[in-house]
Amino acid sequence: MAEVDVAPTFGAELKDGFKPANVWVANGIAWLDDIQTFYRERSAIEKEHSAKLNALAKKYFEKKNKKSTSLSVGDTPAMTPGSLENASLTIWTTHLTTLESIADEHEKYANELIQKVADPMKYFAGRFEELRKRHVEYATKLEAERDSSYAELRKTKTKYDAACQEVESKRKKTESSFDKAKAQSQYQQQLQDMNNVKNTYLIAINVTNKQKEKYYHEYVPEVLDNLQDLSEFRTLKLNGLWSTAASLETAMLLQSNSLVDHLAQEITRNQPHLDSMMYIRHNMGSWQEPSDRAFEPSPVWHDDDLMITDEAAKVFLRNVLNKSKGQLGDLRREVDKKRREIEGVKRVKQRIREGKENKDEVLVVSQIFSMQEDLHQVDRKRLTAEVETSTITSAVGDVTLGAKNHNFKSQTFKIPTNCDLCGERIWGLSAKGFDCRDCGYTCHSKCEMKVPAECPGELSKEERKKYKSERQSAAGSLLKPPTGPPDHVAELPTLSRSNTMNSLSSGYAASANRSISGSVVSPRSPAEDTPPEPSGPRPAVKKTRLVAPPPAAYISELPGSAVPAKTAEQKGKMLYTFEANGDGEVSVTEGREVVVLEPDDGTGWIKVRAGYKEGIVPASYIEVYPAPIAPQDTGSSFNTRPASTYSNSGSSIGTTGPAVKKKGPAVAPRRGAKKLKYVVALYDYTAQSDTEHSMSEGERFVLIKEDPGDGWAEVEKGGVTKSVPASYVQVATD
């Protein structure tokens, strides 16, 4: 017969290894407590998970119920759905119901873990511990019996040693005893007792050895085998409980999987068009397309809905039609191209849905939407161009035939440029407009559509200048005000300018005002009272008024009287009020005449005398009159009264309104500081408004403010600060 493998046992292999084996078995039994605690905690987690799943399902059931109608048929359905829900909401309900069922399965699994695993494991752990303790008690008893046998043997050995000692003592007494016979008898008796004790000792040795053999080869191995059996029995029970736990979880998962499989089958029934069909069915109703927009006349200008087709309107319509026709072909081709591109991407999306391509469908849909937005913008432009073309053509015909259109390109003008149509300056931070590349016609962006289609074609530089001059002259004539008086104003009498003065620059505006109002006027010498007309530009005309000359002009010295010699003094008038801010300066009010003591030496300051005070004032605050001619005594008697002066000055008219203090220009640095910076005109320039300086090539100006970025610089000339094109001047080097 073939040998059968026998598993090794504790008794056969460990011999006297009960104590460590007992500790090992005790640890295994104690481990059962950890395992049953694990299943109790797992049960608690499953219950908590079940509770959370139920709470989650309940929360979203409530949300679904609130949104059921709006998700199924919208917020304002034509027909209420009642309790009906669309297909997607039905599948969502199945989701939530499945979640509740899975939660119930987890709850059931948690309870069974306690009942069928944790509690039995705790029970078996207690029983196994009791058996282990009984094994310990029995092993302790066997060990005590072994030790007792060893103790009895030691006692027998002690008796034997005592008997031998007594025999030796009796033997010695036989040698020294007086009664030798008696001593010999006692000796023999003691020797017999010793032999009996020896035999008893030998028997005890054999008994002890036999018991020792039984202890190590039968009793202890048997206890160890029983301990091994107890440990293996624990393992069997543990395996059984583990199997129970696994089967419980398997059953829970199988049931959950069946629920999920059912949900998956329901999802396949949710066809995308079902929701749309339900929404359509509950929202169908009568619809009427909004009426077309019609012409609405202005409440202040009653007109009809007919197109204006006069010559000026035809110019505009021709330009619009030409622009629309030029764009229409390109727009149509671009629309067709973009539509083909969208169809191609849509085919890619369909292949992705069919599983034939592996791409991100969201990105593809986003790409389609972006392309549709671009198509919409281009198609709107195409539609606008088509409608503009058809509308204009139906009203005036194709007026672009035979037109000589300008080759306009958008242009940013770096130097001051006027519009050839309206004659006004092309203003703005960027000064953008249009420029014909053939003939050089320039215009505002707003004037582009009003320019007649009369381009002479490509021109040479000289021809461009000629046409430019003609166009500017024609446009400038539109900006000139009427030369004659308005129809409602009577024509003024002819006035002579001989022996007259300008009341604004003469300083006698106040005197003239007082003479008109009847106040007393202090007489002045003709040399003081008749300064020449200033060379600077006249201020804007406000009102017209006849002003009499100063009273001194109406008298002369008696015949034969000598006129005292008087040195001519250069004078000027304050354009702005100046307040002294430092030593050597003098405060002077606006409009007051002053005597120039020292002219501007390049520092921007002039020394003047105002009354009895002397000091310096900014050169830009004063208008210096040309040097006067000293009066000559002609020896004549009373001169003929000069003609009345025709004054354009508003200051010679008595007004009751409050005086407005004008703000002066920037003040130059004081004497001793850095000298002023000058600029020189590079080209001739004609001022286009009263805020600009006219310039001649080589003319010098004081630079007040450099170009801040708008293409203009502020300069001062003759005490007046105005703007000039920054590209027309350069800083003087001398």
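I start with a cut-off: buried means under 20% relative accessible area, exposed means over 50%, and partly exposed is what falls in between. With that in hand I looked up Glu386, which has a relative accessible area of 23% and is therefore partly exposed. I note here that the model is a predicted one.

**Entry: the chain overall**

I looked up the secondary structure of the protein chain and found eleven helices and 15 strands. The chain has 734 residues, of which 31% count as buried, and its accessible surface comes to about 48000 Å², with 53% of that belonging to carbon and sulfur atoms. Among the contacts with a separation of 6 or more, I noted that 69% are between residues 24 or more positions apart.

I found that the structure holds 30 salt bridges, and I followed a few of them. The side chain of Glu386 meets that of Arg332 in a salt bridge, at 3.0 Å from N to O. This pair links distant parts of the chain, since Glu386 lies in helix H7 (residues 361-396) and Arg332 in helix H6, 54 residues apart. Arg332 is partly exposed, because its relative accessible area is 39%.

Within helix H7 I then looked at Asp379 and Arg382, which are three residues apart, about one turn of the helix, and whose side chains meet in a salt bridge at 2.7 Å, N to O. Arg382 has 15% relative accessibility and so counts as buried. I could then see one network, in which salt bridges that share partners join Arg332, Arg339, Asp379, Arg382 and Glu386.

In helix H6 (residues 311-353) I also looked up Asp330 and Arg333, which are separated by about one helical turn because they are three residues apart in that helix. They form a salt bridge whose closest N and O atoms are 2.4 Å apart. Asp330 is partly exposed at 47% relative accessible area, whereas Arg333, at 53%, is exposed.

**Entry: nonpolar cores**

Which residues have the most contacts inside the largest nonpolar core? I found that this core has 28 residues, and that the ones asked about are Phe18, Leu32, Tyr39, Leu113, Val117, Met121 and Leu224. Helix H2 (18-73), helix H3 (87-176) and helix H4 (180-268) are the elements that give two or more residues to this core, and H4 gives the most, with eleven residues. Apart from this core lies another, of 17 residues, including Val594, Val608, Ile616 and Val617.

**Entry: Thr244**

I looked up Thr244, placed in helix H4, which counts as partly exposed because its relative accessibility is 25%. Leaving aside neighbours within four places in sequence, Thr244 is in contact with Lys116 and Val117. A polar atom of the Thr244 side chain lies 2.9 Å from the backbone oxygen of Gly240. The C-alpha atoms of Thr244 and Leu113 are separated by 8.6 Å, although the two are 131 residues apart along the chain.

Is Thr577 buried or exposed? I found it in the loop between strand E5 (571-574) and strand E6 (593-598), and at 18% relative accessibility Thr577 counts as buried. A polar atom of the Thr577 side chain lies 3.0 Å from the backbone nitrogen of Glu590. Trp605, in strand E7 (residues 605-610), is also buried, because its relative accessibility is 2%.

Methods
Residues numbered from 1 in each chain as written. Predicted model: local features only at pLDDT ≥ 70, side-chain atom pairs only at ≥ 80, totals over all residues. Heavy atoms only, no water. Core = buried A, V, L, I, M, F, W, Y, C linked by side-chain atoms within 4.5 Å. Buried < 20%, exposed > 50% of the residue type's maximum accessible area, 1.4 Å probe, protein only. Helix = DSSP H or I, 4+ residues; strand = E, 2+ residues; numbered from the N terminus. Polar contact = N/O pair within 3.5 Å; in protein donor to acceptor, adjacent residues only side chain to side chain. Contact = heavy atoms within 4.5 Å. Areas by Shrake-Rupley, 256 points an atom, 1.4 Å probe, with all protein chains shown as cover. Salt bridge = Lys/Arg side-chain N within 4 Å of Asp/Glu carboxyl O.
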